[in-house]
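I am opening my notebook on a new structure today. Have a look along with me, and I will jot down what I look up.

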Amino acid sequence: MVMHLFVVRQPIFNRWKRVVGYEVLFHAFERAESSEVNREQSGKWLIDAHLHLFRPMRLTAGKLAFIPTSRSLLLQDLVTALPPSQTVLEIDAEESSDEVVSACFRLKVTGYPIAVRGFLPWSPVRPLVAIANILKVDFTKVTGSERARAVSVYATPNRKMLAETIETAEEFAE
């Protein structure tokens, strides 16, 4: 069996086009003689590599590492192996279980910034929004006027809005 790990860095820019961080994604590909794939082992190996083999500072050249964080990573406290000063934990907007919200609150209190990805301004406000440091709005799903309204309603000195899925210079300018 051969395991291949692919690491993807997606830059995150501020309004002045300076890189402030990278969304860091990990993809595992397992190739074996048999057609069966042990997904449980693959997942455990991926988490281990994510937490121990790769250091966010090295991958992001000193910028923040935005790490998509699953429910199991949160509930098992595996993310605490990452340094809070260099890591932003990204949680899906749809995740609203009491366990996940409590874990996020506990991690935020210990210094981890929390980003909610997939935030839509017209969706019912979820508990994660209240504790988030960053709300990631999908640029392709929200109109210009909706984005402006979201900024006026949700952005605070302690909560930033971040546009995601920006693919062109024209979209960035908007």
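**Entry 1: a loop residue**

In which loop does Ala61 lie? I find Ala61 in the loop between helix 2 (56–60) and strand 3 (64–68). For these names, helices (H or I, at least four residues) and strands (E, at least two) are DSSP runs, numbered from the N terminus.

A note on ground rules: this is a predicted model, where local features need pLDDT of at least 70 and side-chain atom pairs count only at pLDDT 80 or more, while totals for chains, interfaces and linings use all residues. Residues are numbered from 1 along each chain as its sequence is written, and side-chain values use heavy atoms, with hydrogens and water left out.

Back to Ala61: its phi is near 50 degrees, a positive value in a residue other than glycine. Is Ala61 buried or exposed? Ala61 counts as exposed, because its relative accessibility is 62%. My cut-offs are under 20% relative accessible area for buried, over 50% for exposed, and partly exposed in between (1.4 Å probe, protein chains only).

I looked up Thr165 too, which is not a glycine and has a positive phi of about 70 degrees. Thr165 sits in the loop between strand 7 (160–164) and helix 7. With a relative accessible area of 34%, Thr165 is partly exposed.

**Entry 2: the whole chain**

I read seven helices and seven strands in the protein chain. Along the sequence, their pattern is β-β-α-α-β-α-β-α-β-α-β-α-β-α. The protein chain has 174 residues, and 34% of them count as buried.

**Entry 3: aromatic pairs**

How many aromatic pairs does the structure hold? I note two. Rings of Phe, Tyr and Trp (its six-membered ring) pair if their centres lie within 6.5 Å; planes under 30 degrees apart count as stacked, over 60 as edge-to-face and the rest as tilted.

Why is the pair of Phe13 and Phe172 edge-to-face? It is edge-to-face because the ring planes stand at 85 degrees, with the centres 6.5 Å apart. This pair links distant parts of the chain, since Phe13 is in strand 1 (residues 2–13) and Phe172 is in helix 7 (residues 169–173), 159 residues apart. Phe13 is partly exposed at 38% relative accessible area, and Phe172 is partly exposed at 28%.

The rings of Phe119 and Tyr154 have centres 4.9 Å apart and planes at 80 degrees, so I call this pair edge-to-face. Phe119 lies in strand 5 (residues 114–119) and Tyr154 in helix 6 (residues 144–154), 35 residues apart. Both Phe119 and Tyr154 are buried.

**Entry 4: the core**

Nonpolar side chains tend to be buried together in soluble globular proteins. A nonpolar core is a set of buried Ala, Val, Leu, Ile, Met, Phe, Trp, Tyr and Cys residues joined through side-chain atoms within 4.5 Å.

Which residues touch the most other members of the largest nonpolar core? Among its 25 residues, they are Leu74, Leu89, Ile91, Cys104, Leu128 and Leu135. Helix 4 gives the largest share of this core, five residues.

A second, separate core of seven residues includes Phe26, Leu59, Ala65 and Leu82.
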